[in-house]
Amino acid sequence: VLPERLQRREAERQQGVERQRQKKEAQVVKEEQSEFFLAAFAREREAVEALLAAGTLEEAAARLQALQKLLTGSVRFLAPYEVRQGQETVARLQGDLAARRQQLQPKKKFAFHALKKEAAPGSAPRPAEPAPPAPAAPGPGLAEGESGGPPLCGFSGAQDEELELGPAELLQRDVLLSELRGCRVRLRGNPNTLRVRDCRGCTVLCGPVSTSVLVDGCSDCLLALACQQLRTHRTRDCRVYVQVTSRAVIEACTQVSFAPYSWSYPGIEADFESSGLDRNSNNWNLVDDFDWLATDKPSPNWSLIPEQERITCWD
């Protein structure tokens, strides 16, 4: 009996040693992958910054998209703080790109205008032409990653309205929806980025977004979003139907629920093709909560919408 007991104990010890060895090897591989990613990410970031400084914006946009894909493909072995730093860097560069595009837009050419003729004696004076409306000033308090200039397109301050933009208006543009109340917004097309800020009781249906979506300070909203990266801050009581390439991120959020993206419209397949998103890659049910560090218990701040409760008809 004694030899058998000793043999069993020795076998258990050997198994423990083997498990520790495999765990150590896996940790070494993970650290090597992380070091490789950080070096590659830093090189690409510097390249994008140099292209932005030189004004080579199309190449900068392409390199920035490649940087986003590098981050998306590496999240499985990165630590949460490394993912967050990478996402913040990409968002900052997207804001810098939008600002440089606005800065380098060609200015209107100077032209001489004909002098107004004096009105003939006794004739009625010609009514003055109305001045063109001034562009809306950006709202106070910029969301994270948002450029300081006015949005290229979007809606702000509307209440209880049906709002819509089409493919020609959206194609590869940055869109901002801010301070909307009780509105239904349809964005049929392929934006570059989308920011939904300080909205209440709204429905936002958006076609495929090439890069990132930021939802900040919203409540009681229904959103349908397809993107590479989804970040949700300071948001509560919202339902999100999403197709996302990387893992979605929430922070300072409560009662946010998720389901797979199911909105559709004529031409959406062409918009997916132009966006570069892979329809077969969807991590809609993988969410990182930066306020919940426990690994053995799920975060109480988000949940999955039960299948029987999901919307199937959006009209």
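Mentor: Quick ground rule: buried means under 20% relative accessible area, exposed over 50%, and partly exposed in between, with a 1.4 Å probe and protein chains only. This is a predicted model, where local features need pLDDT of at least 70, side-chain atom pairs count only at pLDDT 80 or more, and totals for chains, interfaces and linings use all residues. Residues are numbered from 1 along each chain as its sequence is written, and side-chain values use heavy atoms, with hydrogens and water left out.

Trainee: Are Tyr261 and Phe272 buried or exposed?

Mentor: Apply the cut-off of under 20% relative accessible area. Both Tyr261 and Phe272 come out as buried.

Trainee: What kind of pair do the rings of Tyr261 and Phe272 make?

Mentor: Rings of Phe, Tyr and Trp (its six-membered ring) pair if their centres lie within 6.5 Å; planes under 30 degrees apart are stacked, over 60 edge-to-face, the rest tilted. Here the centres are 6.4 Å apart and the planes sit at 75 degrees, so the pair is edge-to-face.

Trainee: Which residue lies over the face of Phe272?

Mentor: A charge sits over a ring if NZ of Lys or CZ of Arg is within 6 Å of the ring centre and within 35 degrees of the ring normal. At 3.9 Å from the ring centre of Phe272, the residue is Arg279.

Trainee: What is the relative accessible area of Phe258?

Mentor: The ring of Phe258 also pairs with Trp302, centres 6.0 Å apart and planes at 80 degrees. Phe258 is buried, with a relative accessible area of 0%.
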